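Q: Can you walk me through this one? I'd like to start with a strand and then look at a helix pair.

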Amino acid sequence: MIGPDALRTVGIVGAGAIGASWAALALHHGLDVVVADPTAGAETALRETVATLLGELDSTYADERLRVSRDSAEAGRDADLVLECGPERLDIKREIFAALDQVAGPQVLLASSSSGLPPSAFQSAARRHPERVLVAHPFNPPHLVPLVEVVGGTGTSEVAIEAAMTILQSLGKRPIRLRREVPGHVANRLQAALWREAYHLVGEGVASVSDIDAAIASGPGLRWSLLGPFATQHLSGGPGGLQHVLEHLGPPMVDWWNDLGSPELTPRLVETLVAGVRDELDGQDVGDLRARRDRALRELMDTKSRLDLD
């Protein structure tokens, strides 16, 4: 498989938010990029978005280093790495990987950004070389957030997984490897567990949407952004660390688990959640809020790197 030293061109299928962010990251690292998207007006929107994202990275690029096509296969024809960012539909992903497999060299990794589909569900569509198909699921936005979940399918080779981990590290990412396929991978499952209880608490009238956001953003979320849940819990245990926490707080935590809710997304609950967010934002411009959040992300990542917490 192609390694970081031979990486020159990245092919991307899909010019949406994830594809544009991947493109900006690759261009920031001096690579050529070919993006394929059949949507009318995709090229204009993509170039505008990429220019904005590169501005966030204090980086520029020559226009000729970004090529745009309407044909998915074009993203794999000259690429050393392909990142698929198409719709989260199995039939479409199978179609895309079948096309990429026909044109990409056997040494080229074909990686899906799927947020929850297992690679085994679509890698058989790559009949020539299914062993180089895997999931490399980024966390949005990929040009800023380091996490990428690498998931191999039943037919993925160890060589392909190792190559993906190495290439992603060379792009400044923090890849983690999943040892087996599970729906939603790891990070989205953890998010889903939190959202499940958050929706339940709102539905039961325990707390408002804004108070639950504050409970995370002004509480454990601050620590979780610096260290993960296990390391954070270990530090809270004093000299005894995690062992002490589990011995003394483990039994009450099991009682909490047993009391967690299983909400249904009824129209009434959905309306309550949406209205709660609307009230919380109180007319703030979403684009401006996202820009300020992303600026904070960049400053946070700089701080984590400076203090060796990344």
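This is a predicted model: local features need pLDDT of at least 70, side-chain atom pairs count only at pLDDT 80 or more; totals for chains, interfaces and linings use all residues.

A: Residues are numbered from 1 along each chain as its sequence is written, and side-chain values use heavy atoms, with hydrogens and water left out.

Q: Which way do the residues of strand E4 point, and are they buried or exposed?
A: In E4 (residues 81-84), Leu81 and Leu83 point one way, Val82 and Glu84 the other way, and all are buried (under 20% relative accessible area, 1.4 Å probe, protein chains only). Strands here are DSSP E runs of at least two residues, and helices are H or I runs of at least four.

Q: What does E4 pair with in the parallel sense?
A: Strand E1 (residues 9-13), over 4 bridges, and strand E5 (residues 109-112), also over 4 bridges. Pairing requires at least two DSSP bridges between the strands.

Q: Switching to helices: at what angle do H6 and H11 cross?
A: The axes of H6 (residues 187-203) and H11 (residues 267-281) cross at roughly 95° and come within 10 Å. The two helices are therefore roughly perpendicular (65 to 115 degrees).

Q: Which residues make that contact?
A: Tyr199, Val202 and Gly203 of H6, with Leu269, Thr272 and Leu273 of H11; contact means heavy atoms within 4.5 Å.

Notes
Buried means under 20% relative accessible area, exposed over 50%, partly exposed in between (1.4 Å probe, protein chains only). Axes are lines fitted to C-alpha atoms, for helices over the stretch in contact, and angles run from 0 to 180 degrees between N-to-C directions. Angles under 35 degrees count as roughly parallel, over 145 as roughly antiparallel, 65 to 115 as roughly perpendicular and the rest as oblique.
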